[in-house]
Each structure stands twice: as structure tokens, then as C-alpha cells.
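Biologist: Hi! I'm new to this one, so please walk me through it in plain words.

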Amino acid sequence: MMDAESRRYVRQRAGNRCEYCRMKQEFDELVFQIEHIIPKKHHGSDGTNNLALACFSCNNHKGPNLTGLDPKTGALTRLFNPRTDKWEDHFAWEEALLVGRTPIGRATIDVLAVNLSYRIELRLALTEEGVFP
Ligand SMILES: [Zn+2]
């Protein structure tokens, strides 16, 4: 079980941002979730090195997945790990569109549906306000 202290720590470590799509909690109506990077289903631990803060949409799409297909090559690829991978190595913004710089970035964007139109529209509005990314 995750205790309250772990939850607080994970939220604070993430700066209240989704560790995948970088949305800020304050701009999302749904409460961000503490997720298991390696899901429980695959025997991932409750240790804070296996926990990340994720927005509802990223977490919901990630589900129990560990991998995705790189849309560019079709190759089976592991998902981004916020604890061991550096976000900037794998992702970049093209305005409100998130693009993958690597197979891991591209597969993660695809599985987590980071570029669904409503998500792009929210980021675009926030970008125009100057509060994102
Ligand atoms: Zn997210």
C-alpha cells in the first residue's frame, strides 16, 4: 500500500505536473493520480522509485501497459520511465503538439494518447495565455 507520506512526496517531487504530458494540476479538472510506472499487475512495487504523478488521461490510457509500438517503425518499445529517463531526451513541444524525439517518446505519446484533440486544444489555450508549457 502507498502511504499518505509517499503520495505527498510523489506529488511534490513532480511539482504537481503530470510526469508524462507535463500538464499542471491547476489546469486540469480531474485530480492527478499516483501511478505505478511498472504496474502492480507486472509486480511493480509501491516504492517511490516506481511511482509517478500522472494526469487522469495519461494514467487511464497507460493502464497496465509497459510497452507500445513506435508509430514510425512499428517496433515494440518500452514506455517512458519518469524515474530513469530524462523527459527532454524523449519529448519536445511543437507548439501544443507533443512530439517524440525517440522510439520511447513516440510509443509513449501514442499509448497515452497525449495528442488527442481535446488535450491539444487545452494546451493551446494555456500556451496562448502564456502559462504552458
Ligand atoms: Zn498527462
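Biologist: Let's start with Glu19. Is it buried or exposed?
Modeller: Glu19 is buried, at a relative accessible area of 11%. Buried here stands for under 20% relative accessible area, exposed for over 50%, and partly exposed for anything in between, using a 1.4 Å probe and protein chains only.

Biologist: Before I go on, what am I looking at?
Modeller: It is a predicted model, where local features need pLDDT of at least 70 and side-chain atom pairs count only at pLDDT 80 or more, while totals for chains, interfaces and linings use all residues. Residues are numbered from 1 along each chain as its sequence is written, and side-chain values use heavy atoms, leaving out hydrogens and water.

Biologist: Good to know. Which residue forms a salt bridge with Glu19?
Modeller: That's Arg83, and the closest N and O atoms of the two are 2.6 Å apart. A salt bridge means a side-chain nitrogen of Lys or Arg within 4 Å of a carboxyl oxygen of Asp or Glu.

Biologist: How many salt bridges are there by that rule?
Modeller: The count comes to six. Arg83 itself is partly exposed, at 24% relative accessibility.

Biologist: What does Glu88 pair with?
Modeller: Glu88 makes a salt bridge with Arg22, with 3.6 Å between the closest N and O atoms. Here too distant parts of the chain are linked: Glu88 is in helix H3 and Arg22 in the loop between H1 and S1, 66 residues apart. Glu88 is partly exposed at 36% relative accessibility, and Arg22 is partly exposed as well, at 24%.

Biologist: And Glu35, what is its partner?
Modeller: Lys62, with the closest N and O atoms 2.8 Å apart. Glu35 lies in strand S1 and Lys62 in helix H2 (residues 56-62), so this pair ties together parts 27 residues apart in sequence. Glu35 is buried at 3% relative accessibility, and Lys62 is buried at 1%.

Biologist: Back to Arg22. Which ring does its charged end sit over?
Modeller: The ring of Trp87, 4.2 Å from the ring centre. For this to count, NZ of Lys or CZ of Arg has to be within 6 Å of the ring centre and within 35 degrees of the ring normal.

Biologist: Rings, then! How many aromatic pairs are there?
Modeller: Five. Take Tyr20 and Phe80: their ring centres are 6.1 Å apart and their planes are at 80°, so the pair is edge-to-face. Tyr20 sits in the loop between helix H1 (4-13) and strand S1 (33-36), and Phe80 in the loop between strand S4 (76-78) and helix H3 (87-90), 60 residues apart. Trp87 and Trp93 form a tilted pair, 5.9 Å centre to centre with 40° between the planes.

Biologist: What's the rule for those names?
Modeller: Rings of Phe, Tyr and Trp (its six-membered ring) pair if their centres lie within 6.5 Å; planes under 30 degrees apart are stacked, over 60 edge-to-face, and the rest tilted.

Biologist: Which residues do the ring pairs link into a cluster?
Modeller: Tyr20, Phe80, Trp87, Phe91, Trp93 and Phe132. Tyr20 is buried at 2% relative accessibility, and Phe80 is buried at 2% too. Trp87 is buried at 7%, whereas Trp93 is partly exposed at 22%.

Biologist: New topic: how many residues does the largest nonpolar core have?
Modeller: It has 28, and those with the most contacts inside it include Tyr20 and Leu112. Strand S2 (51-54) and H4 each supply at least two residues of this core, and S2 gives the largest share, four residues. By definition, a nonpolar core is a set of buried Ala, Val, Leu, Ile, Met, Phe, Trp, Tyr and Cys residues joined through side-chain atoms within 4.5 Å.
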